[in-house]
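Reader: I am new to this structure and would like a friendly tour. Could you show it to me before we talk?

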Amino acid sequence: MSESIICGVDGSDDSHAALAVAARLAKRLGARLVLAHVAEPAHISYAAAGSFGGMAPPMLATEEIGWHKEEAERLLAQVAADAGLIDAERRVAVGSPAEGLADLADGEDAELIVVGSRGRGAFKAAFLGSVSSSLLGVSRCPVLIVPPGAAGVR
């Protein structure tokens, strides 16, 4: 397996900036670029409780996971098309975004994970994104957090 760079994307402006930086790095280093999205369904924990005697039916979790994976695959296809990176590899996972990105990086034997400094949401915009800061604590490879506006820097 060749060296790879994982770029976490969520469709936000900051993830587009991270993708621009990751694409340039991958090209300069001759590394595979892997676009990754980890969907974090809000209802999975409640739906999964159905199999432990909760109110939700057990299949709800499986159906919801499938739906989130399909949405994530569409997002990655759109982001890749918008960036002109049709040939970039794409990976989807469902769960905690930081842990999911770290696990995907392990599976790809990645040299680096690149993410934006903030994701979607007004609350997150006030601080370093919770995914990027959490990723620093769980990643087993270096993490590059791209600040807003850095994509244009050469």
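The questions and answers below go from the whole chain to single residues.

Author: Welcome! This is a predicted model, in which local features need pLDDT of at least 70 and side-chain atom pairs count only at pLDDT 80 or more, while totals for chains, interfaces and linings use all residues. Residues are numbered from 1 along each chain as its sequence is written, and side-chain values use heavy atoms, with hydrogens and water left out.

Reader: In what order do the elements of the protein chain run from the N terminus on?

Author: Helices (H or I, at least four residues) and strands (E, at least two) are DSSP runs, numbered from the N terminus. The protein chain has five helices and five strands. Read from the N terminus, their order is β-α-β-α-α-β-α-β-α-β.

Reader: What is the order of the strands in the open sheet?

Author: Two strands count as paired if DSSP finds at least two bridges between them. The edge strands, which pair on one side only, are β3 (89-94) and β5 (143-146). With parallel pairing, the order of the five strands is β3-β2-β1-β4-β5.

Reader: Which residue of β2 is the bridge partner of I6?

Author: Strand β1 covers residues 4-8 and strand β2 residues 32-39. The two run parallel and are joined by five bridges. For I6, the partner in β2 is V34.

Reader: Which strands does helix α1 touch as it packs on the sheet?

Author: Contact here means heavy atoms within 4.5 Å. Angles run from 0 to 180 degrees between N-to-C directions, and axes are lines fitted to C-alpha atoms, for helices over the stretch in contact. The direction of α1 (residues 13-29) makes about 175° with that of β1. The strands that α1 touches are β1, β2, β4 (112-116) and β5.

Reader: Which residues make the contact between α4 and α5?

Author: On the α4 side they are P97, A98, E99, L101 and A102. The α5 side brings in V131, S134, L135 and V138.

Reader: Is Q78 buried or partly exposed?

Author: Q78 is found in helix α3 (residues 58-82). Its C-alpha lies 8.9 Å from that of G11, although Q78 and G11 are 67 residues apart in sequence. With a relative accessible area of 44%, Q78 is partly exposed.

Reader: What is the phi of D109?

Author: D109 is found in the loop between α4 and β4. Most residues other than glycine have a negative phi. D109 has a positive value, near 55°.

Technical notes. Buried means under 20% relative accessible area, exposed over 50%, partly exposed in between (1.4 Å probe, protein chains only).
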